Amino acid sequence: MASFSLIRSSCLLVVIMASSLMLAFAGNFYQDFDLTWGDGRAQILNNGDLLTLSLDKASGSGFNSKNEYLFGKIDMQLKLVSGNSAGTVTAYYLRSEGSLWDEIDFEFLGNLSGDPYIVHTNIFSQGKGNREQQFYLWFDPTADFHTYSILWNPQRIILSVDGTPIREFKNLESVGVPFPKNQSMKIHSSLWNADDWATRGGLVKTDWTQAPFTASYRNFNASACVWSSGASSCSSTSPSTSGSNAWLSEQMDSTSQERLQWVQKNYMIYNYCTDTKRFPQGLPPECTATNTS
């Protein structure tokens, strides 16, 4: 198929269509996202290279992608709310529509100055979640931008931070676990007040004298199958083992497995798969299946 490129402002958007696979290398928030709520608290700056969300006592703010995706490798750089961020939540996730929705979550739970953020992750399939894993980070996520990635292909979901995997959720339909694979999802992000639960179970409230709270975004990149008019830009017959299509069958190598184990040993603070009190009738089947994370 023909390839084309479009230059807008100082940003280059290249869409390459090859073997019926669309890969979007995107860096312009004007072209890729809609500001969906917040009455001006969400802003696109620097000719589309930077997006900020703000929260004050009246409202938070949010945005979502113009495109819907059915499988992809999504990267976004975030710099989280600094200082006393207790009570605030910065959410960055993929989600489909409807009552039986699919969803892949990063949620960043703010904390008092000097105390660590909590990275709250969850995966919903057909409207069912309850698959929470929580982590501390090994750096200060408010001092600079860091890359938060979602790899979603038909075999697995991998959540990564700066290229280090923190969580893997495998396709275990073979043992009756629903896996997100049939519903297209948009990228969403929001900054909002959740001081009824976010920090120490709601014991620490948002300090509105510190408002406005601001989170910043840059360097969005999606190598993905775009879903439009009921069809995917990816052909099921396309080769997916070489070149730019490789993410469709990507899995962790031994080094990535070691990094995942390092994170889960040293930085995981909650894992639903070990919470026997929560599941007195037995842990969910994906928790006891062989070689799951």
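Reply: Strand β8 (residues 68-79) and β13 run antiparallel and are joined by seven bridges. This is a predicted model, in which local features need pLDDT of at least 70 and side-chain atom pairs pLDDT 80 or more, while totals for chains, interfaces and linings use all residues. Residues are numbered from 1 along each chain as its sequence is written, and side-chain values use heavy atoms, without hydrogens or water.

Me: What makes β8 and β13 a pair of strands?

Reply: Two strands pair if DSSP finds at least two bridges between them, and seven join β8 to β13, so the two count as paired. The strands themselves are DSSP runs (E, at least two residues; helices are H or I, at least four), numbered from the N terminus.

Me: Which other strand is joined to β13, and by how many bridges?

Reply: Strand β14 (residues 156-161) is joined to β13 by six bridges, and the two run antiparallel. Trp 152 has Ile 157 in β14 as its bridge partner. A hairpin through two residues links β13 to β14.

Me: How do you know that β13 is mostly covered?

Reply: Eight of the eight residues of β13 (residues 146-153) are buried. Buried means under 20% relative accessible area, exposed over 50%, and partly exposed in between (1.4 Å probe, protein chains only). His 146, Tyr 148, Ile 150 and Trp 152 point one way, Thr 147, Ser 149, Leu 151 and Asn 153 point the other way, and all are buried.

Me: Why are Glu 103 and Glu 107 called buried?

Reply: Glu 103 has a relative accessible area of 8% and Glu 107 has 14%. Both values fall under the 20% limit, so both residues count as buried. UniProt lists these two residues for "active site" in an unreviewed entry; its positions are given in the numbering used here, feature names are shortened, and annotations may be inferred rather than shown by experiment.

Me: What makes the link between Glu 103 and Trp 101 a polar contact?

Reply: Their side chains are joined at 2.8 Å. A polar contact is a pair of N or O atoms within 3.5 Å; within protein, one must be able to donate a hydrogen and the other to accept it, and residues adjacent in sequence count only if both atoms are side-chain atoms. The distance of 2.8 Å is within that limit.

Me: Which residues does Thr 90 touch?

Reply: Contact means heavy atoms within 4.5 Å. Leaving aside neighbours within four places in sequence, Thr 90 is in contact with residues including Leu 78, Phe 106, Glu 107 and Tyr 217. Thr 90 is found in strand β9 (residues 88-95), and at 0% relative accessibility it counts as buried.

Me: Why is the pair of Trp 138 and Phe 139 called edge-to-face?

Reply: A search of the whole structure finds 17 aromatic pairs. In the pair of Trp 138 and Phe 139, the ring centres are 5.6 Å apart and the planes stand at 90 degrees. Rings of Phe, Tyr and Trp (its six-membered ring) pair if their centres lie within 6.5 Å; planes under 30 degrees apart count as stacked, over 60 as edge-to-face and the rest as tilted. The pair is therefore edge-to-face. Trp 138 counts as partly exposed at 26% relative accessibility, whereas Phe 139 counts as buried at 19%.
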